[in-house]
Amino acid sequence: MDGDYAIGGVFSIHTYKRTVMHNYITLPGPQRCTGRIDSRKLRLSRAMVFAIEEINNSTELLPGIKLGYLIHDSCGSVPLSVHVTFQLLNSLDPVIYTGDNCSHSHKVMAIVGESSSTRSISMSRIIGSFNIPQVSHFATCACLSDKQQFPSFFRTIPSDQFQADALAKLIKHFGWTWIGAVRSDSDYGNNGMASFLDAAQKEGICVEYSESFHRTHRRSSIQRVAKVICRSTAVVIVAFAASTEMRLLLQELSLQPSPPRQWIGSESWVTDPKLLSFSFCAGAIGFGIEKAVIPGLREFLLDLSPSKVAASPVLTEFWEDVFNCSFGKSATIDERVCDGTEDIQTLNSPYADTSQLRITNMVYKAVYAIAHAIHNAVCQDTNSTTQCDKFTRIESKQVLTQLKEVKFSRNGYDVSFDANGDPVAKYELVNWQKSESGSIEMVTVGHYDASLPEGQEFHISKNLTWLQGGTQVPVSVCSDSCPPGTRKVLQKGKPICCYDCLPCPEGEISNTTDSPDCFPCPQEFWPNAERDTCFSKPVEFLSFDEVLGIIMAAFSVVGACLAIITAAVFFHHRTSPIVRANNSELSFLLLFSLTLCFLCSLTFIGAPSDWSCRLRHTAFGITFVLCISCVLGKTIVVLMAFRATLPGSNVMKWFGPPQQRMTVVSFTFIQVLICTIWLGLSPPFPMKNLTIYKDRIILECALGSAIGFWVVLGYIGLLALFCFALAVLARKLPDHFNEAKLITFSMLIFCAVWITFIPAYVSSPGKFTVAVEIFAILASSFGLILCIFAPKCYIILFKPEKNTKKHLMNKN
């Protein structure tokens, strides 16, 4: 149709073009399309005509200006798309003369089309050099957003980059990490899948396989893709394919049994009503362009009289095809003549189906976008009126400039373009659901808006059905999720979604699902049995509440009571010969020191503190030196007493009671001095031992200075050895009751206990170190009191007849 300004249109109304074999002898004839007319694509071209007529009748947009159009059929062929592009550029009628004696160039101001990304790329590379804007309604390849290569390309449908991101987020939303991928072997499929794979990788999604195919490939190629799908372990399949290729693949899958698969579709095929006949795809989900309502379009599509049809070769072919008749005399025997009785109102064809206007609305908006750009170039808007000059000569470059700034709303839908010529990405989430009648219906279950903040793009408003009509979200993972307490270990040679779950090592936890690593608990914490939580380590020390502590405390108290009872017996019989003959003063002092030795073991029981750590070692060291000093004094007294009986000996005057007291005080003072230096330089202190056991804390007293401890212990051992040596020398003295023998046995037990104490103390872990030390104190103390005082108490209490001076002097 002629007009003041022309808009070009390119649509794939036919599916295939006739292949012409050139002989290079005669000129090739015009290329022609074959195959049946695609009713859906015919509706798109008619929608462009409808929009132009609607604009021409408008008083607000381009008033007084008539738009014309030139629409070509590319037959879904790149060569024909290039051919018709040159036709639009060159124009068949270069100059149109009007009644006003003015001429207008018949070249188009802009072009609507093409449907395919591949064909749009071919067209844009040509017309981009001439600054002619191209507005596509269905070319979604992200590559077309590159303004360096395609400076004049615009589109009203979102780029596949947005769709790829949305698909990846959708898959992540449902927890699928192991998927298959198929695509059309075209710019649309290859570029769209490449964008999707990049987005999927960022979301942590793994692809088991990625296969491509095309409708022009041999059937064996499509069969191979079908076999890969059937043999795969991925339940979810993402198909980035054109509807024509997808039909061929689904037809092949319908011929061979296939495990249930959850299909995730790109807009090109998941919103194609013709594919709903494949019932095994029930549950498929994908993104579709938002449905729209275009008032008056259905009436325009159905307003076809036989005269209008006969005036258009395309409409004639369509009419003859859907009504199985023929115009004129070309009817065959099997065909009837189209006589005008055909009722298009009863036509059941995608051409008349306006219930799912998606891509049709993209054509509608593309025409209006171009019209607004022309309006801004030739019209001036005042406060109340709009004046347009249809004689204004404009170039397509001006339309291109104005198209970048276009921003308007039509039928409730906003239209604008970003710097890359792309619109705001908004999609409907569609789901193939079985109706009560058993047929598959396309149901809108949610929306996606890329302009919303991260995490808020999705809005699912209805329940979805999944493969085989199920209500449970299918699972598609290479490996099950690793529960808390385990970590992921990748399987060699496989994608990151394939892994094994290994328990966390000792002392480490993981408290999240699919944790890539375990981390250690803080120093004073330890994992539970499941190794998913850290809890405080139990604190362990020798306490008065446990059996071992109670036994040790009981023996300590019994030993102290035994020493006190012995002292009481000795005090009661202090005038008896056996008490007087054994240096009663040293005996009482020895019993007092033994009582302290028994009681000092109590300081080792209970939670260590500063005072208990300092007291336990120093009290132990000083009381034992006092005890050994008393035993040493008694031993020396025995030796000196024997030598005093020799004729002319006056040795006892050098070791009388004052000297004995001085000996005990001197030996004890040395130990007090050692302990004072130890406490002054590096005293014992309480500490938490975290190294002996990994799962619990040992409260113990650190020695502070190990040298101080071993000097204290060594001094005790030195006195004990010295005492033992003297006792051995005096063991055979000719006394009937020789105390040196008792001292010898007591020192023998004492030395044996403390010699075995050293390796036991070093090797015992935790609280058992304290138990060993208490045991050594109690054992040596009991050894002293039993060996030295038990025989005497026995005679005092049970053999009083032997408690005489004559018996002691062995004169009976």
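User: What makes E7 and strand E8 (residues 134-136) count as a pair?
Analyst: The two strands run in the parallel sense and are joined over 2 bridges. Two strands pair if DSSP finds at least two bridges between them, so E7 and E8 meet the requirement. Within E8, Val 135 is the bridge partner of Val 112. The model is predicted: local features need pLDDT of at least 70 and side-chain atom pairs pLDDT 80 or more, while totals for chains, interfaces and linings use all residues. Residues are numbered from 1 along each chain as its sequence is written, and side-chain values use heavy atoms, without hydrogens and water.

User: Which other strand pairs with E7, and in what sense?
Analyst: Strand E1 (residues 5-11) pairs with E7 in the parallel sense, over 4 bridges. Val 112 of E7 is the bridge partner of Gly 9.

User: Why is strand E7 (residues 108-112) described as mostly covered?
Analyst: In this strand, 5 of its 5 residues are buried. The term has cut-offs: buried means under 20% relative accessible area, exposed over 50%, and partly exposed in between (1.4 Å probe, protein chains only).

User: What makes helix H12 (residues 359-378) largely enclosed, and how does its span compare with the expected one?
Analyst: Of the 20 residues of H12, 17 are buried, so the rest of the structure largely encloses this helix. From first C-alpha to last, H12 reaches 29 Å, close to the 28 Å expected. The expected span is 1.5 Å times one less than the number of residues. Helices (H or I, at least four residues) and strands (E, at least two) are DSSP runs numbered from the N terminus.

User: Why is the contact of Asp 422 with Arg 155 called a salt bridge?
Analyst: The closest N and O atoms of Asp 422 and Arg 155 are 2.7 Å apart. A salt bridge requires a side-chain nitrogen of Lys or Arg within 4 Å of a carboxyl oxygen of Asp or Glu, so this pair qualifies. Asp 422 lies in the loop between strands E20 and E21 and Arg 155 in strand E9, so the pair ties together parts that are 267 residues apart in sequence. Asp 422 counts as buried because its relative accessibility is 4%, and Arg 155 counts as buried because its value is 0%.

User: How many salt bridges does a search of the whole structure find?
Analyst: The search finds 17. One of them joins Lys 169 and Glu 457 at 2.9 Å, N to O. This pair links helix H4 with the loop between strands E22 and E23, 288 residues apart. Both Lys 169 and Glu 457 are buried. Together with Glu 454, these two residues are linked in a network of salt bridges.

User: Are Glu 524 and Lys 688, which form a salt bridge, buried or partly exposed?
Analyst: The closest N and O atoms of Glu 524 and Lys 688 are 3.4 Å apart. The former lies in the loop between strands E27 and E28 and the latter in strand E31, so the bridge ties together parts that are 164 residues apart in sequence. Glu 524 has 35% relative accessibility and therefore counts as partly exposed; Lys 688, at 44%, also counts as partly exposed.

User: Why do E11 and E23 stand at the edges of their sheet?
Analyst: The open sheet has 8 strands in the order E11-E10-E12-E13-E14-E21-E22-E23, with mixed pairing. E11 and E23 each have a single partner strand, so one side of each is left without a neighbour in the sheet.
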